[in-house]
Amino acid sequence: MEQSVQTRRIDGKQLAADLRERLRQRVAEAQLSPTLATILVGDDPASAVYVRSKTRAARQIGIDVRDHHLPATTSQDELHALLTRLNEDPEINGILLQLPLPAGLDEEALLDTIAPEKDVDGFHPVNLGLLLRGRPGLRPCTPAGCMDLIHHTGTSVSGKHAVVVGRSNIVGKPVALMLLAEHATVTICHSRTPDLPDQVRAADIVVAAAGRPNMIQGDWIKPGAIVIDVGINRLDDGSLVGDVDFDAAQGRAAWITPVPGGVGPMTIAHLMQNTVEAFCRQTSSG
Ligand code: NAD
């Protein structure tokens, strides 16, 4: 019989609070004045909540925020014009275009419009290309948060077998590149991977980003593995769960992130870090 492992929870809420506090001190001490422009199109309640949390976090750090709330009827051309204006505005250091956009708008084309040096989400092809090449650039926030959570365990990524479940451009692919950059052997799984349980069973580090509630079961987890659960899934009863069956992972995983309170807060903290970085690069300060 396999021995039970003591499972420790990685407190993303606390780590994110620590990162935000470090940023607040840096902004205050170096008298930095970063400004973030947020764009929310339409009335999706979840998107409105996300923008509000980002705005609140920014203001607490000392980042000025210019909110742009536009009607769902906004056209592609109008959004393109706004992004171009913000790109050219020297007072704006970071631009956040809240996704998803209402149907009919071309998200990809609009994200491409954002100036790479103001792309604080790190989604622009130039920033993703810099990540691929291992060069400095604005990194996507959720993957960067995942890496912080892994580092917090004190385990070296080098030589470990990491399995990433999900291959989206915003989570799965970039986190796989970040793990690779730290010398993990990386497997990327997705909806057409035929033997997902066996792939996950081989993992020293699992990053779950499929958006499937409780999909990863306890007996898929290698005893002693680090489990980073990116998934945010709302069940019919209103509760939020991740992609990993958290209860079943107890006694198997050495470390696991909870949902909520794991990756989510780290994403927002990294958005703040990118905004401060963008300001420093644009003004050669800090
Ligand atoms: P996505 O829908 O763009 O991608 C999901 C990926 O999972 C796809 O590559 C797909 O192939 C794979 N997949 C789907 N079903 C699968 C299955 N049964 N087996 C294996 N792979 C499967 O999603 P996304 O934007 O990458 O987000 C993934 C999850 O992470 C969602 O729950 C989302 O809400 C959450 N998320 C959280 C944060 C955060 O800050 N915590 C940020 C972004 C996304």
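View 1. Helix α1 has 18 residues and reaches 26 Å from its first C-alpha to its last, close to the 26 Å expected at 1.5 Å a residue (the expected span being 1.5 Å times one less than the number of residues). Helices (H or I, at least four residues) and strands (E, at least two) are DSSP runs, numbered from the N terminus. The model is predicted: local features need pLDDT of at least 70 and side-chain atom pairs count only at pLDDT 80 or more, whereas totals for chains, interfaces and linings use all residues. Residues are numbered from 1 along each chain as its sequence is written, and side-chain values use heavy atoms, with hydrogens and water left out. Within α1, G12, L15, A16, L19, L23 and V27 are buried (under 20% relative accessible area; exposed is over 50%, partly exposed in between; 1.4 Å probe, protein chains only). These buried residues fall within an arc of 110 degrees seen down the axis of α1, so they line one face of the helix; the arc is that of the directions from the helix axis to the C-beta atoms. The face turned away from the buried side carries the exposed residues K13 and E29.

**View 2. The ends and cover of α1.** At the start of α1, a side-chain oxygen of D11 reaches to within 3.2 Å of the backbone nitrogen of K13. The helix is followed by Q31, whose phi is positive, near 50 degrees. Among the elements covering the buried residues of α1 are α2, α6 and α10 (contact means heavy atoms within 4.5 Å).

**View 3. The largest nonpolar core.** A nonpolar core is a set of buried Ala, Val, Leu, Ile, Met, Phe, Trp, Tyr and Cys residues joined through side-chain atoms within 4.5 Å. The largest one has 50 residues, of which I150, L179, V207, I228 and M272 touch the most other members. Elements giving two or more residues to this core include α1 (12-29), β5 (161-165) and α10 (263-283). The largest share, ten residues, comes from α10. Not counting residues up to four places away in sequence, M272 touches L23, K54, A57, A58, I61 and I63. Apart from this core lies another, of 17 residues, among them V165, A208, V227 and I256.

**View 4. T275 in helix α10.** T275 is found in α10 and is buried, with a relative accessible area of 0%. The side chain of T275 reaches the backbone oxygen of L271 at 2.8 Å. T275 also touches P34, T35, L36, I63 and V120, not counting residues up to four places away in sequence.

Key: Polar contact = N/O pair within 3.5 Å; in protein donor to acceptor, adjacent residues only side chain to side chain.
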